[in-house]
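Please look at the strand pairing in this model, and then at one patch on its surface.

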Amino acid sequence: MKRFYYMTKSLSSVLGIHRDLEEVGIGYNRMYVLGKNHTVLEEAHVHTTTPWEETDIMHSGFVGAIGGLVCGLLLGLILVAVAPFGVPLGTVALIASTAFFTCLGAWFGGLIGISRRNHHLERFLPDVERGEYLVMVDTDDGNQERSVRRIMTERHREARMAAEEDGYSPFF
């Protein structure tokens with residue numbers, strides 16, 4: 001998947017981009033807009049970002065889950081090897097500790113991530129704070145990529161290409 005980032009200064013430009021991209025088959029759920037005022041965007045029926053896109057919850061939760069997995073696996077191996085309280089523990093203890101600490105790590109990571117801005121969006125936030133709109137478009141294949149590039153260069157010169165990411169994933 002590829003994600004395109006465009007900056008534009010007006011709501012009318014955002015509405016035009018949405019309309020034109022929908023005409024060529026880029027679905028409503030593949031476009032997200034981040035602006036200073038969500039209410040204005042929602043009243044204009046624009047697909048705005050949600051906390052999943054705005055915060056680092058996915059990335060931090062994933063990192064926390066990996067850390068928890070490692071800790072749980074190590075603790076489980078220690079429990080199996082040491083046999084605490086004179087009771088030999090088998091693979092059930094290993095699986096239980098790994099599962100528990102993986103979930104705990106994901107939860108802790110998510111708590112940290114919900115309090116942070118999405119690391120993919122940090123470079124655009126100063127422009128958004130000044131009143132510009134960040135339009136994000138996700139594409140699945142080369143045809144969609146070409147359509148986005150064509151529409152944006154032919155019909156929306158007012159929007160500047162801010163960035164693009166190949167292989168976009170909210171986890172990394």
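The report below covers the strands, their pairing and a surface patch.

This is a predicted model. Strand β1 spans residues 2-8, and seven of its seven residues are buried. K2, F4, Y6 and T8 point one way from β1, R3, Y5 and M7 point the other way, and all are buried. Strand β2, residues 31-34, is likewise covered on both faces. M31 and V33 lie on one side of β2, Y32 and L34 lie on the other, and all are buried.

| Strand pair | Bridges | Direction |
|---|---|---|
| β1 and β3 | seven bridges | antiparallel |
| β1 and β4 | six bridges | antiparallel |
| β2 and β3 | four bridges | antiparallel |

Strand β3 consists of residues 133-139, and strand β4 of residues 160-166.

The surface patch is made of other residues. I66, V70, L73, L74 and L77 form this nonpolar patch, with about 430 Å² of accessible area together. L77 is located in helix α4, which covers residues 57-82. Is L77 buried, exposed or partly exposed? The relative accessible area of L77 is 45%, so L77 counts as partly exposed; the class lies between the limits of 20% and 50%.

Methods:
Residues numbered from 1 in each chain as written. Predicted model: local features only at pLDDT ≥ 70, side-chain atom pairs only at ≥ 80, totals over all residues. Heavy atoms only, no water. Buried < 20%, exposed > 50% of the residue type's maximum accessible area, 1.4 Å probe, protein only. Helix = DSSP H or I, 4+ residues; strand = E, 2+ residues; numbered from the N terminus. Pairing = 2+ DSSP bridges. Patch = residues over 30% accessible without salt bridge, like charges linked within 9 Å, V, L, I, M, F, W, Y side chains within 5 Å. Areas by Shrake-Rupley, 256 points an atom, 1.4 Å probe, with all protein chains shown as cover. Salt bridge = Lys/Arg side-chain N within 4 Å of Asp/Glu carboxyl O.
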